[in-house]
Amino acid sequence: MYNQIVSFIKTLYAGTEGTIPLHAPCFAGNEKRYLEACIDSTFVSSVGKFVDRFEEMVADYTGAARAVVCVNGTNALHMALLLAGVKQYDEVITQPLTFIATANAISYIGARPVFLDVDRDTLGLSPAAVEQWLKENAQMRGDGCYNRTTGNRIAACVPMHTFGHPVHLDELLEVCNRYHIAVVEDAAESLGSFYKGKHTGTFGKIGVLSFNGNKTVTTGGGGMLLFQDADLGARAKHLTTQAKLPHRWEFVHDAIGYNYRMPNINAALGCAQMENLPLFIEKKREIAHRYNAFFEALPVSFFTEPEGCQSNYWLNTLIMPDKESRDEFLAYSNDNGVMTRPAWRLMTQLPMFEQCQHDHLTNAHWLEERIINIPSSVVL
């Protein structure tokens, strides 16, 4: 069976030389032309027309009222949490099955992650798990929601749309709104994914995208904040550009600011990539459909988009029968020229977060032992 899978993947990516990567960037448009224009302008740093254009393109595509670029997705998530009002010693609900940036950004503030279980049909934070934990641990006070055991404020909830598949947003938002907990969407992997016709990252107070080299759209490195409140977006722009007040020559700053500005040269790459995003999503979904048809005849489950969603299928995902078969196929595929990867180690199993609060994490442990990501690059 493993030979069948590897052979099929090599057929999908027949033009690839050497090892087939997990997700390679696709440069098929105006990337070189825009980069040359950026260099010719001499505005290669944090000021330039491509920065503004990139923000406008992402806002238009996602339906956000305002989009603000950052140097990477982790910085964007850090800024989102600050703007959502998270402070030192606050608690932030999130999921253990996630890339470490989610938990790191919470920690940068001095806040404390609370890791709750995921749903098997989304791979993301479970609204039922959040509601159950809050019923058992939360206490409402005049100024917000508090953990009755620790006494700390429960300030935010950060769901992550795992591998581009949206979580159950309606249910999660209903629970968090009831407990007055701000939702910050970690949509780093889900550019091009829609929940009930609306783009991920535009449901919560703030959403965050990533443009790392392995993402559907890349700027080399980069991130984006999405806002439905344009005024909050303007505040984000101010803080991420060192909180500098506009003046022709004076340097005056009115707050603790952050040098989270995306350089114009990265934004130039992003503009060219955004022009082809609809094509990228179309091709990625075609690959996913071919995978799904192939795996129907095998004792391996290909993960498909949740009901009511249109996923970008950033990383195509297999659910193996057990951990033993997962490890066997990881070894076989990587030994035979096809890059595959397991899910991340659960955050609660890392030394920095092993003392954090969590629930039973039944689904998270089950999925961690079975998930494999397989090649998902765009094929034109």
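Mentor: Strands (E, at least two residues) are DSSP runs, numbered from the N terminus. This is a predicted model, where local features need pLDDT of at least 70, side-chain atom pairs count only at pLDDT 80 or more, and totals for chains, interfaces and linings use all residues. Residues are numbered from 1 along each chain as its sequence is written, and side-chain values use heavy atoms, leaving out hydrogens and water.

Trainee: Okay, how many residues of strand β1 are buried?

Mentor: Four of the five in β1 (residues 66–70), so the strand is largely enclosed by the rest of the structure.

Trainee: And which strand does β1 pair with?

Mentor: β11 (residues 223–227), antiparallel over five bridges; two strands pair if DSSP finds at least two bridges between them. Cys70 has Gly223 in β11 as its bridge partner.

Trainee: Changing topic, where does UniProt place the "active site"?

Mentor: The unreviewed UniProt entry puts that feature at Lys215. UniProt positions are in the numbering used here, feature names are shortened, and annotations may be inferred rather than shown by experiment. Lys215 sits in the loop between β10 (206–210) and β11.

Trainee: Is Lys215 buried or exposed?

Mentor: Lys215 is buried, at 11% relative accessible area. Apart from neighbours within four places in sequence, Lys215 is in contact (heavy atoms within 4.5 Å) with His23, Ala188, Glu189, Ser210 and Trp314.

Note on methods: Buried means under 20% relative accessible area, exposed over 50%, partly exposed in between (1.4 Å probe, protein chains only).
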